[in-house]
Amino acid sequence: MKIESIVVREIHMRLKSPFETSFGTVQNRRILLVEVVADGVSGWGEVTAGETPGYNAETTDTAWHIISNFVGPLFPGRFLAGASEFPDLVGHIRGNEMAKSGVENALWDAQAKLNGLPLSGLLGGAKQEIDCGVSLGIRENPQSLVARVEQELCSGYQRIKLKIKPGKDYDFVKAVRREFPKALLSVDANSAYRLDDANHLAAFDDFDLLMMEQPLDWDDIYAHAKLQPLIRSPICLDECIHNTRHALAAIELNACRIINVKVGRVGGHTEARLLQKVCKDRGIPVWCGGMLESGIGRAHNIAVSTLPGFTLPGDVSASNRYWDEDIIEPEVEVSPFGTIRVPAAPGIGYQVRRDRVEALTVRSQTFSTKSQASVLTA
Ligand code: OSB
Ligand code: MG
């Protein structure tokens, strides 16, 4: 496919309610979308970086910088046999996985559309339906968390993940477990604890958790390898795993028993697909994480979740849990059984609402064969 142009834009979207994690609270999202035009067809990707460097090192603004100065200028006029060639072409750009992933995934959408295939099928996924869980932000008190869990279980979600941080952890999980003895329950600390907290973390053994996600430092696989033998909850790594090499190291060190795959965090669909295969071959289950995405990122998460290594419910849930109005049509909906039907239409399988995207755009930059890069600020 010949790449004609790349447009990166920043849109602003307000979450229905604030989302609190151990590293901060967000309500006003600043999301970068990437549109690639190849052989006359548009493909869309989303940069999943947060507004602050609290989850990982990337932010909306660092991703803008990387795409604007280093990725965008490389591609207009270039021929690619497929989107899977992209990672090697940007391999000289260290890190910045989320920035690169936004562009790579737009290429995957374009390629799928050019081939008349759903993206899930192009990636090699076979599932018609994916299993969904939810991630619940930190709440004021255990009672309000219990009420929220009840609501999500009634909607059909198959697994509940509770965000925790020191001081808002044991009692919150205890209250939820007491009320829902059979629910599939996990916790996510987003790196809020130290290895010295091992005894405290072992106390969560009482709750029969499906997993404990990223309790220790964001870049410390070794510390998790020290922690895992001290607790019964299976550790799931999120922040630590930026690529397949990290996953191999973590598995060999017994630093985790489960891995959360976020397409953005690992640099795009090519790496996510390889990573899930490597995990599957070693008996490590993976699931698809979320980054409070708009419908475009959500659609990419649905597609990757159809791959065979994804055997646990993901943090991929309905558009209306996050947004009053999404930017895709139809919006992502979840069945009463906690599943999402995988779209069969070509590419990401949802229509991008271009008028709405335009209305939400605050800045955009275009790279094309026809003109020099142009910047537009609304
Ligand atoms: O650690 O999985 C995480 C949101 C922002 C940053 C990190 C994480 C999360 C979530 C929300 O857990 C998942 C979602 O519903 O999109
Ligand atoms: Mg996480």
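This is a predicted model: local features need pLDDT of at least 70, side-chain atom pairs count only at pLDDT 80 or more; totals for chains, interfaces and linings use all residues.
Local features need pLDDT of at least 70 and side-chain atom pairs count only at pLDDT 80 or more, while totals for chains, interfaces and linings use all residues. Residues are numbered from 1 along each chain as its sequence is written, and side-chain values use heavy atoms, with hydrogens and water left out.

Strand S5 covers residues 133–136; helices (H or I, at least four residues) and strands (E, at least two) are DSSP runs, numbered from the N terminus. In a regular strand the side chains alternate between the two faces of the sheet. In S5, Gly133 and Ser135 point one way, and Val134 and Leu136 the other way. All four are buried, where buried means under 20% relative accessible area, exposed over 50%, and partly exposed in between (1.4 Å probe, protein chains only). Strand S6 (residues 159–163) runs parallel to S5 and is joined to it by 4 bridges; two strands pair if DSSP finds at least two bridges between them. Within S6, Arg159 is the bridge partner of Gly133. Together with helix H5 (residues 142–155), S5 and S6 make a right-handed β-α-β unit. A crossover is right-handed if, with the strands pointing away from the viewer, the path from the first strand over the helix to the second runs clockwise.

The structure holds 23 salt bridges, each defined as a side-chain nitrogen of Lys or Arg within 4 Å of a carboxyl oxygen of Asp or Glu. Asp188 forms one with Lys161, with the closest N and O atoms 3.1 Å apart. Asp188 lies in strand S7 (residues 185–188) and Lys161 in strand S6, so this pair ties together parts that are 27 residues apart in sequence. Asp188 is buried, with a relative accessible area of 0%, and Lys161 counts as buried at 2% relative accessibility. Lys161 also meets Asp315 in a salt bridge (2.6 Å, N to O). Asp315 is in the loop between H11 and strand S12 (328–329), 154 residues from Lys161. Asp315 is buried as well, with a relative accessible area of 6%. Salt bridges that share partners join Arg159, Lys161, Lys163, Asp188, Glu213 and Asp315 into one network.

A further salt bridge is formed by Asp61 and Arg30, whose closest N and O atoms are 2.8 Å apart. Asp61 lies in helix H1 (residues 60–71) and Arg30 in strand S2 (residues 24–38), so the pair ties together parts that are 31 residues apart in sequence. Asp61 is partly exposed, with a relative accessible area of 38%, and Arg30 is partly exposed at 23%.

Glu293, in the loop between strand S11 (286–288) and helix H11 (295–304), is buried yet has no salt bridge. The nearest side chain of opposite charge, Arg298, is 4.4 Å away; Lys and Arg count as positive and Asp and Glu as negative, while His and the chain ends are not counted. A polar atom of the Glu293 side chain lies 2.7 Å from the backbone nitrogen of Met291.

The peptide bond from Glu329 to Pro330 is cis, with omega near -10°, and Pro330 is in the loop between S12 and strand S13 (339–341). Phi of Ser191 is near 70°, a positive value in a residue other than glycine. Ser191 lies in the loop between S7 and helix H7 (198–202).

Notes: Chains are lettered from A and ligands numbered from 1 in the order in which they are written. A polar contact is a pair of N or O atoms within 3.5 Å; within protein, one must be able to donate a hydrogen and the other to accept it, and residues adjacent in sequence count only if both atoms are side-chain atoms.
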